[in-house]
Amino acid sequence: MEHEELIKVWDIGVRVFHWSLVVLFFIAYFTGEDDSLVHIYAGYAIIGLLAFRIVWGFIGTRHARFSDFIYGRAAVLGYASSLIRRRPIHYAGHNPVGGLMVILLLVLLVGISWSGLEVYGAQGHGPLAGNSMTMISTAVADDDHEGSGKDSPAEKFWEEIHEAFSNVTLFFVLIHFSGVIVTSLVHRENLIRAMITGYKQKR
Ligand code: HEM
Ligand code: HEM
């Protein structure tokens with residue numbers, strides 16, 4: 001076999017974060033309508049992962065840091081046009097467009113988590129139970145729902161937001177996945193394998 005020089009790109013934290021997130025995201029997505037606690041536990045685990053990743057974005061290894069993959073307009077446009085010209089500029093870490101997608105996904109996941117906690121709070125559970133925002137929206141028109149077995153207006157309100165965030169995120173996950181496949185092909189580089197092993201071939 002030919003000798004290949006490998007460089008370490010993704011540390012263990014990024015890799016465990018990513019694949020745990022993938023599993024938990026789909027568990028959460030498909031248990032949203034269940035009454036079991038599986039959805040809540042998956043949601044809490046995702047909140048833990050997000051907290052880790054945000055801290056790791058400041059103190060993690062080189063390519064894990066936000067500063068490594070947040071680029072300006074020029075780099076984003078430059079990369080996009082290099083892709084279109086089929087002469088893609090190579091980056092060891094996230095490329096400028098990929099980096100943008102990473103930030104978008106993280107922001108959307110924070111939105112899902114926050115609205116999920118609000119739904120749970122409106123049901124009287126979790127850390128946001130009885131918090132001011134839930135209380136205000138509940139106080140407006142909740143009296144006749146007490147004990148009626150129906151969802152309160154506050155719960156319905158947050159559920160709509162939570163569901164919208166979930167579906168928008170799923171949409172961008174599909175684009176993310178397509179982006180990974182397309183860039184793997186144009187760079188002739190298996191990005192999925194790199195996210196598993198942590199290594200890429202040196203170029
Ligand atoms: C990636 C993370 C998550 C995804 C993809 C997700 C997705 C969903 C979906 C699709 C629903 C169904 C909404 C509907 O049809 O009305 C739902 C409901 C719900 N989610 Fe999440 N969710 C996530 C995280 C969370 C978190 C962190 C919490 C808070 C602990 C949470 C709490 C809830 C609650 C309480 C419901 C309503 C369940 C019910 O009463 O039927 N979710 N979620
Ligand atoms: C089977 C489905 C998926 C595959 C094959 C996949 C693959 C990948 C790959 C290869 C990367 C690295 C991209 C690069 O080289 O720049 C990546 C990054 C990332 N993906 Fe996915 N992904 C999948 C699903 C998801 C889902 C469901 C989410 C979240 C809802 C997600 C969120 C992310 C995030 C946040 C990053 C940045 C990683 C970091 O720097 O911490 N991915 N993904």
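Me: Helices are DSSP runs of H or I with at least four residues, numbered from the N terminus; which of them gives the largest share of the shell around ligand 2?

Reply: This is a predicted model, in which local features need pLDDT of at least 70 and side-chain atom pairs count only at pLDDT 80 or more, while totals for chains, interfaces and linings use all residues. Residues are numbered from 1 along each chain as its sequence is written, with chains lettered from A and ligands numbered from 1 in the order in which they are written. Helix 1 supplies that share, with six residues.

Me: What makes a residue part of that shell, and how many residues surround ligand 2?

Reply: The C-beta atom, placed from the backbone, must lie within 6 Å of the molecule; 20 residues surround ligand 2, the closest being His94, Gly98, Val102, Leu191 and Met195. Two or more residues come from each of helix 1 (12-31), helix 5 (96-122), helix 7 (153-187) and helix 8 (191-197).

Me: Why are some residues of helix 1 called buried, and which are they?

Reply: A buried residue has 20 or more other C-beta atoms within 10 Å of its own, again placed from the backbone; in helix 1 Val14, Phe25 and Ala28 are buried. Ala28 is also among the closest of the 24 residues that surround ligand 1, a shell to which helix 5 gives the most, with seven residues.

Methods. A residue is buried if 20 or more other C-beta atoms lie within 10 Å of its own, exposed if 12 or fewer, and partly exposed in between; C-beta atoms are placed from the backbone.
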